[in-house]
Structure formats: structure tokens, C-alpha cells
Amino acid sequence: MSCAILFSAAPALAQSGEVNVYSYRETKLVQPLFDAFTKDTGIKVNVVSASSGLEQRIKSEGANSPADVMLTVDIGRIDEAVAAGISQPIKSEVVNSTVPAQYRDPSDNWTGISMRARVIYASKDRVKQEAITYEELADPKWKGKICIRSGQHIYNNALFAAYLAHHGEAKTEEWLRGLKANLAQKPSGGDRETARDVAAGKCDLGIGNTYYWALMMNKDPDKKLWAEATRVVLPTFAGGGTHVNLSGVLLIKNAPNRANGVKLIEWLLSDTAQKLYADANYEYPVRAGTTVNPTIAGYGTLNADKLPIADIAKNRKAASALVDKVGFDN
């Protein structure tokens, strides 16, 4: 486990004026946000950042855990954290009135704070079609032209689970077989490598998240050419919208600074924080009316799928089983 500990896991004692956050986001992305929270409220934010294992750590710390809030990404990780029994309901009118119900847990164990969409990186030179549906990705016209990372990765698992929620198991299996038949190569790498392979001509369409393209274009000179060779297409489900996933937060079960934890979660949904977070991560705000980062806005207007994110969580296991059944990664 990679874990950068910025405060010690001492026995949990409520510290007036402090809140402790366990985060799967890189510190450099979230620290400016927490600094602004401290400036606004006077509440100090202590952060433990890690790439894995935070749920297990909180469980092992038990009642003495200093964790108040967990910040994580993707409904897969959010769902796993809830299943680990480390959360408690977030009782907040601010959350309920700010975050659309589809981006909150019906039992209040988590709430989204920003959105990312799973989209298409299309070759500027070789793909002239403007609008593409997710269903069309299985059309034989794309045979040998699509690149994608592992079908078992949480980003694809969520997309496939959404497809299953819309179309049912039999049609999702058929679609996965068609998508697999259209792949240019065995699923591999990450979303940036997918853009790289489209730019190199190995495939015409790649499946990736919205923020990776913006990061390559704006903050990664070595990969900017990959973004410049492609354009982002916001696909939709037939008759529906674009698949989105979440960055989200949980209030930890034994939070010693519960009130401050709720304050932080509510502050993360303020217009100021939503814009800061969206600009730092190139994600879509969940708060209506917040300005979208210009790069993200350049993709076009997001018509987000109305499917509740909780329904995606319910279908994750079945989607994973279908990936194995069709031998998607083989």
C-alpha cells in the first residue's frame, strides 16, 4: 500500500477546529481545496492520502480511527467502502438540496461531489462521424478500430453496469461480444495509452474518461500530441444520455469530528469549492449552475445519463461476470 501519512493515527479524540480526511485523490489536487476550506471556516484539515487500502486501515483502526471523511473516486470504490461497513449516513439538508438524487446514496452513506464521463477519443483524421452511441460501438463498421483498457477495470465495469441497467443481461452480453469483436488489440494499458494508440493509428476510437484528455492537453507536454490527434465525442445511450461516474465522499462511522466532517462535505458542495475542484481535476460539478472548466466545456454540452449511480453499483457484479463470460480481456 502506498500511503503518505500526514498525521499520526493516534487514538481518536475529537479535536476542536480540525477534521481528518482519508483520501484516494493525489494531495496536490486536493490540498488547495482544503486550504480554502480552512481559510473560510478556521477548521484545519489533516490528510492521509493513499492509492489503496484505506478501507482496511479504517477497519483495523476501529473505534479509535481518527478518520472523519473519506474522499474517493468511482462508484466501484465508493460501493466497496460502504460494503466494508466504515460509513455512517450523512444527514444534511445542504447535501440533499444541492446534489441531485441520482448522484446520492438512497441511504445517505455517500454523496457525489463531481462527475466524470466515459467518452470516446476519436481520431481527428479518420473519424468524421460526429455523434456516436454506446450501442454503436458493437456495430461491425468499427471492426478492428476500437481500443480500450481492461474490461474489468472499475471505469469500464461501471460503463458496462450502466449498459446492463438500460438493456438487461442478454443484450449486454451480445453488445460486449460485438464490442470485443471490434477491438483493434487486446484490452490493455490505461486511458492515456488508449489516446496514444489512437494517435499512432492503431485504432480509430478509444474509450476514456473526460479528465484524462484535458490533463494531456493542458498539463502533460509529453502527451499533448496524443490529445491533439484526437477529439472527444460525448456518446449517449440510444434514447438516453452520456454515462457519468463520480468523485464522492463518505462520512466515516466512528468520526471523532463528525460535525466538522459534515461541514467539510457541505463546503465541498459550495459554488466556490465546486469550481476549484472542477478546475483542479477537470471534472463536471454536481452543483447546478457552477461554471464548467473551459476545456471540458469544449467537448460540448453534457447530457448526463439519468440512471441513478446507485443502480450502477447494483449491477457491477453482473457486469463483471459478463466480461469474463465473453472473454473480453482474452
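Biologist: Leaving aside neighbours within four places in sequence, with which residues is Ala 199 in contact?

Modeller: In this predicted model, Ala 199 lies in helix H7. Its relative accessible area is 31%, between the limits of 20% and 50%, so Ala 199 is partly exposed. Ala 199 and Ala 227 are 28 residues apart in sequence, yet their C-alpha atoms are 7.9 Å apart in space. Apart from neighbours within four places in sequence, the contacts of Ala 199 are Leu 225, Trp 226 and Ala 229.

Biologist: Which cysteines does a disulfide join?

Modeller: A disulfide is a covalent bond between the sulfur atoms of two cysteines. The search of the whole structure finds 1 disulfide. With an S to S distance of 2.0 Å, the joined residues are Cys 147 and Cys 203.

Biologist: How many residues apart are Cys 147 and Cys 203, and where is each placed?

Modeller: The pair links distant parts of the chain. Cys 147 is in strand S7 (residues 146–147), whereas Cys 203 is in the loop between helix H7 (191–199) and strand S8 (205–209). Both cysteines are buried.

Biologist: Is the link of Cys 147 and Cys 203 left-handed or right-handed?

Modeller: The answer rests on the angle about the S-S bond. For Cys 147 and Cys 203 that angle is -110°, and the link is left-handed.

Biologist: With which side chain does the side chain of Asn 209 make a polar contact?

Modeller: Asn 209 is placed in strand S8. Its relative accessibility is 3%, under the limit of 20%, so Asn 209 counts as buried. Not counting residues up to four places away in sequence, Asn 209 touches several residues, among them Arg 116, Tyr 121, Tyr 155 and Asp 191. The polar contact, at 2.8 Å, is with the side chain of Arg 118.

Biologist: Why does Asp 74 count as buried?

Modeller: Asp 74 is placed in the loop between S4 and H3. Its phi is near 75°, a positive value in a residue other than glycine. Most residues other than glycine have a negative phi. Asp 74 counts as buried because its relative accessibility is 1%.

Biologist: To which backbone nitrogen does a side-chain oxygen of Asp 74 reach at the start of H3?

Modeller: Helix H3 spans residues 75–83, and its buried residues are Ile 75, Gly 76, Ile 78 and Ala 81. What covers these buried residues includes helix H2 (54–61), strand S4 (69–73) and helix H13 (309–325). After H3 comes Gly 85, with a positive phi near 75°. At the start of the helix, the side-chain oxygen of Asp 74 comes to within 2.6 Å of the backbone nitrogen of Gly 76.

Biologist: What is the relative accessibility of Asp 108, which counts as buried?

Modeller: Asp 108 is in the loop between helix H4 (93–98) and strand S6 (111–123). Although Asp 108 is not a glycine, its phi is positive, about 70°. Asp 108 counts as buried because its relative accessibility is 17%.

Biologist: How do the lining residues of the second largest pocket divide into nonpolar, polar and charged?

Modeller: The second largest pocket has a volume of about 300 Å³. Its lining holds 18 residues, of which Met 115, Tyr 284, Pro 285, Val 292 and Leu 302 lie nearest the centre. Strand S11 (284–285) and helix H12 (294–297) are the elements that give two or more residues to this lining. The division is 12 nonpolar, 5 polar and 1 charged.

Methods: Residues numbered from 1 in each chain as written. Predicted model: local features only at pLDDT ≥ 70, side-chain atom pairs only at ≥ 80, totals over all residues. Heavy atoms only, no water. 1 Å grid on protein atoms, 1.4 Å probe; cavity = no way out; pocket = protein on both sides within 12 Å on 5 of 7 lines; lining within 4 Å. Points joined across faces, edges and corners; volume = space filled by probe spheres on them. Helix = DSSP H or I, 4+ residues; strand = E, 2+ residues; numbered from the N terminus. Nonpolar A, V, L, I, M, F, W, Y, C, P; charged D, E, K, R; others polar. Buried < 20%, exposed > 50% of the residue type's maximum accessible area, 1.4 Å probe, protein only. Contact = heavy atoms within 4.5 Å. Polar contact = N/O pair within 3.5 Å; in protein donor to acceptor, adjacent residues only side chain to side chain. Disulfide = S-S within 2.5 Å.
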